[in-house]
Amino acid sequence: MSRLPPQPGERIDRSRAVTFSFDGRCVRGLEGDTIASALFASGQRVFSRSFKYHRPRGLLCCAGQCPNCLVAVDGAPGVRACTEPAREGMRVEHLNARPSLKWDALRVTDLLGGRLMPAGFYYKTFLRPRRLWPLYERVLRRAAGLGLAPASQDGRRRRADYRRRHADVLVVGGGPAGLCAALRARVLGADVVLVDEGAEPGGHLLVEGRSEQARSLAAEAHEAGVEILAPAAALGFFDGLVAVWHGDTLHQIRAAQHVAATGAIEQPLVFAGNDLPGVMLSSGARRLAALYALRPGHTAAVATATDQGLEAAVALLDVGVRIAAVADLRPAPDGRALRRLEAEGIPVLRGATVVCAEGRNAVRSATLARVDGDGRALEGSEIEVPCDLLVVSGGLSPATALLAQAGAKPAYEQAAGAFMSQGPLPAGVHAAGAVTGLHDDEAIELSGRVAGAEAAHAVGLGDAVSHARLERDATRLAELRPATPAGAVPPASAVSGKSKGKCFACLCEDVTTEEIRQSVEEGFDSIELSKRYTTVTMGPCQGRMCQLPAVRVMARETGLELAEVGTTTARPPWSAVPLGVLAGRPLQPAKRSSIHHRHRELGANVLWAGGWRRPYDYGDPRAEVMAVHEAAGVIDVSPLGKLLVRGPEAGAFLDRLYPNRLSTLGPGRIRYGILGSDAGRIMDDGTVCRLDEDAFYVTTTSSGAGAVDEWFSWWLADWCMDVQVTDVTEALSAVNLAGPRAREVLDGLTALECSNEAFGYLDARQGHVAGVPCLILRIGFVGELGYEIHFPSAFGQHMWDVLLQAGADAGIRPFGLEPQRLLRLQKLHVIVGQDTDSESNPYEAAMPWIVKLDKEDDFIGRWALEQASERELATGLVGFQTSDGVVPTEGAAVLVDGAPAGRVTSSRFSPKLGHVIGIAWVPAELARDGAGITIADNGHRLSATVTTKPFYDPDGTRLRS
Amino acid sequence: MSLDFLSPDLARPDRGFEPLARSPIEPSLRRAGARFEVRDGWSVAIDLGDAAAEQEAARSSVAVADRCALGKLEVTGPASSLPELAPGAAVHREGAWWCPVTAERMLVLCPPVATAELRERLPAVDLTTGLAAVGIAGPRARDVLARLSALDLRPQSTPEGGFRPGSVARVPAMVLREGGDRFLVLFGSAYAQYVWTAVCDAAGPLGGRVVGAGQDA
Amino acid sequence: MSFVLSCPVCGAREVTDFRYGGEIVARPDAGSSPSPRELNLYNYFRRNTAGVQREWWYHRSGCRSWFVAERDTRTNEVLSTTLPSEEGVR
């Protein structure tokens, strides 16, 4: 199909072709075309198949407002063909039709649909027999929906970036009001961003053949320094943050002031066959002609409620479309467009509208009739008009969704026949243009300038001159505000005896007026309920095309006024957006020790542990355990939390935080500590080392480091003691060198005296190891002689290499978390969070010795622990061993008289001991050496014997040797 | 006892061992083909094989550089004992950046060789290895940061010397505008590999490049 | 939820920069001996105000200061943020 002669302001560049494929067919378009305009030019009229009934659908709005032209581009579904620019070589495919868009087998649902798919059919049908549900589900999933997401990651090529933008003023909507607002605010010195969902800003000017005016306004704004994002959809208003989808970027715009210039959406009319290809909104038809030089049809019928339809009829007449007849809902329309049409001899029916469109895959005729207030055709007034284009215009509905999300209250305004924002707008939010109900050119531009000036003034810009001008503009704007509504209010639906076929209130979800009537009959008689039941307004158009029609049908069926029916809550996203855009870049924060790359090189199995990537083992956990027992092992314990607590009151501060005494610790000595809450519950554990009179070095669990730092600083903020807490977790790497030969390995690397006499158990020493300044703690989580070496993390690789090299002769092996867990289990060392939970206190956890209730001063948890110490214990944490070699699952139940009375928290087979060991919570009366317990695990019953002493080296002689 | 075990500059050759301080970003740089030299006890990436392209990126787009070797001292004490600076506004003085975090806490950034002397004078904890540092400089530097952080780094909000603690790439960080379009981002060194990946991922499509210390004027 | 909170030290930041520390609860006086009921009220009971409440926040991603905010729990409007004073908060 050829194009019209050059149109003023057209978007296409006739000298440059763009070629792409549609369902395998080659399509030639022009630079500046959208996918839809290029396809339309090539003769395509059916663009999609509908969601439920698989009815053919064609271009309706041509502005990204409706679901009718959704296609897949290069495998990504859900692209609106009418706004997506045609690009060379792109692969465009239809959605939701098999085997082809033209012959869709599932069209059968349209014919049977009435019975098979009543309102809320998914609650009523396909329920029995129940065992067939998986089959039904598979079939339904294939039948419904709007395309398939790529099944594999490889199929997804989208790169999605977030971009944060701070601004003084954000203007949403690039029509004349938005452009004027942005320009005014910018001229007054504001940092302004303007977003528009169209391919270029201009709003209704583009439709009306006034593209040049739109472009010069946009150019002026751009040159003044307004950042213009287009095509960019504002997705929602989140506490002042506006998310804007723009190509491959999700802009997160945080502006001090917001101007909503979101315009108004032309509404469709509701009648039988209103979804046929060939039924087009007046703005859609004009857009095709004005921007893409396409003739939307040969012979048109027009049905309108406002001047908009009449103006469209004139515009179409001017591009050679034959206008067969016009139905105007108003009893007495007037104006230039009307006079022109009548001068051309075109019949214009007053008080009339379209009651029916017919045709199988496209409009072939429209029936126009005069109607009463409820939309019923007056007897004998019907005329059938053969046509291939039916232009409809149901008036404008202000696009208040974003305003409503920002806190404005849209309510039905009788005179305008639409929902409008009522009352004052939320602080920092302004509105301009058609969204406020204006339709006069001068008023629209003026409202933009007023909003722009108000926004700029609100951020402290402007001067006496600008304030005076704002006052003048505001006064003039008030004079221009229309006193009379622009048009007639369409009925919920228009019907006559001739009407047959489905009458859609919602195109996205294929919801007919009949289904809404049914839902009311079944008791879903509020719009919010009906919405959830029929899914009306829940489709890709987000209510743009169906909100008002659905409310009108609801009002008719319930007998309520529209104001009483109200509207559904406006929720983001206001435009359909790919999930990948919301997800952003697929990078997840991970902490890694300075030795991590060495672990990788050694073939470590790496896992997540409290935000860190850590070696689980190096391939042979059993050998790693045995190396620690028999020679030496080294484990990277850099993730241990490490805090410096300094100041004259440091000791007193720790005494207040820990249930035991730390102020009495001598310099160079170490004490174990558990941290509790004021409820007496165990939160974390670790060691405390006194460096000198005023400085302590505190270690925490790896996963608890952040929480302990925050806990310390929280109490410090309140107590205001002369103490400084510094988190040095990441400043220091740490390795635990453990095993009977650990001393000889260390001895070769340092000038420090390492003998047991000079450097005993629970001593801390400072000195150089392999040339690196270190703090060395002699502690033994794993139960063998061990040194925890802490040093600046920049030397991780150096220290690791040196230790493995120096220990080679001694048979040193690196060991991972899994061997460490077994080794500590042999010593009955609890892991806070694994063996204890948020309810455990030190008495139950078998650590009564750590609570010093005789401390003079207050400490965290004192009262709760005092009360706990006076109560009899209900449960106890104990070790257990089994003899039959079965390792119970961690979490398995401990049974007493057949009923659960405890649980296993840790369990492993110990190669060193030759049997299964574990830790469990048991009733207090069983928390004694030698008690027998029964463990129920996945249907098995295991017998186990309780022990309260470490399984390995119970007296700690190896640890202290 | 002292806090010597926090100071990388106190490492020294001993018993045949020659400890070399390495940035937590070194493994990533090595994979990218960086050429290293020892400077002030640190292994430093000099360039990534194409010094001319690196210079061009810094001039026309954005250059990303590992600056972990910078000395970083945390000075704490009553507000009266610290240089009087308003939180958020750092100053460059005596070859070091003095960055007030709170009224009682300040971060001092200095060349590695100056650390020992400053540590003597100040009640400081050496956090040189606790914080990783990445330089992001060039006309697109702010665009890179906008992809990673919600901080308002517009010149009117964050002028030269602006110091902004806040999240970058979803981890706690501090951003210093050293001047013009030169930013320094500081964050926990255990996140170095992750943040470096995120910064490079953001800078790449904007024409950015990783540059060696040779380009980092 | 993506409102802006003003750290008394750093200034305005996205709420995701912060850790919420819960409503401020009066701790029994040091040296007193609260009854089990008083202790349970302190440890476990919260007013859960629908309206303005005083609460703890921590600037986790920034200056790492704890501070006190007055926030309307119905609207997330933050009326004030202040550093704890010498007299203590609890």
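1. Two strands pair if DSSP finds at least two bridges between them. The strands themselves (E, at least two residues), like the helices (H or I, at least four), are DSSP runs numbered from the N terminus. In strand E7 of chain A, A:Arg91 is the bridge partner of A:Ser21. Two bridges join strand E1 (residues 13-22) of chain A to E7(A), and these strands run parallel.

2. The model is predicted: local features need pLDDT of at least 70 and side-chain atom pairs count only at pLDDT 80 or more, while totals for chains, interfaces and linings use all residues. Residues are numbered from 1 along each chain as its sequence is written, and chains are lettered from A and ligands numbered from 1 in the order in which they are written.

3. Chain A holds an open sheet of five strands in the order E2-E1-E7-E5-E6, with mixed pairing. Its edge strands, strand E2 (25-31) and E6 of chain A, each pair on one side only. On average, neighbouring strands of this sheet are turned by 45 degrees against each other, direction ignored; the axes are lines fitted to C-alpha atoms, and angles run from 0 to 180 degrees between N-to-C directions. Strands of a sheet pair through backbone hydrogen bonds, either parallel or antiparallel.

4. Strand E5 (residues 70-73) of chain A has antiparallel pairings to describe. With strand E6 (residues 76-80) of chain A it pairs over three bridges in the antiparallel sense, and A:Val71 stands opposite A:Val79 there. E5(A) and E6(A) form a hairpin with two residues between them, and A:Asp74 in the turn has a positive phi of about 50 degrees. With strand E7 (residues 91-93) of chain A, E5(A) pairs in the antiparallel sense over two bridges; here A:Val73 stands opposite A:Val92.

5. Between chains B and A, 45 residues of chain B are in contact with 45 residues of chain A, contact being C-beta atoms, placed from the backbone, within 7 Å. On the chain B side, strand E1 (21-22), strand E5 (71-76) and helix H5 (192-203) each supply at least two residues. H5(B) gives the most, with five residues. This side has 22 nonpolar, 11 polar and 12 charged residues, where Ala, Val, Leu, Ile, Met, Phe, Trp, Tyr, Cys and Pro count as nonpolar, Asp, Glu, Lys and Arg as charged, and the others, Gly among them, as polar.

6. Chain C also touches chain A: 22 residues of chain C are in contact with 17 residues of chain A. Strand E3 (19-23) and helix H1 (36-44) of chain C give two or more residues to this side, and H1(C) gives the most, with three. By class, the side has 11 nonpolar, seven polar and four charged residues.

Key:
Two residues are in contact if their C-beta atoms, placed from the backbone, lie within 7 Å.
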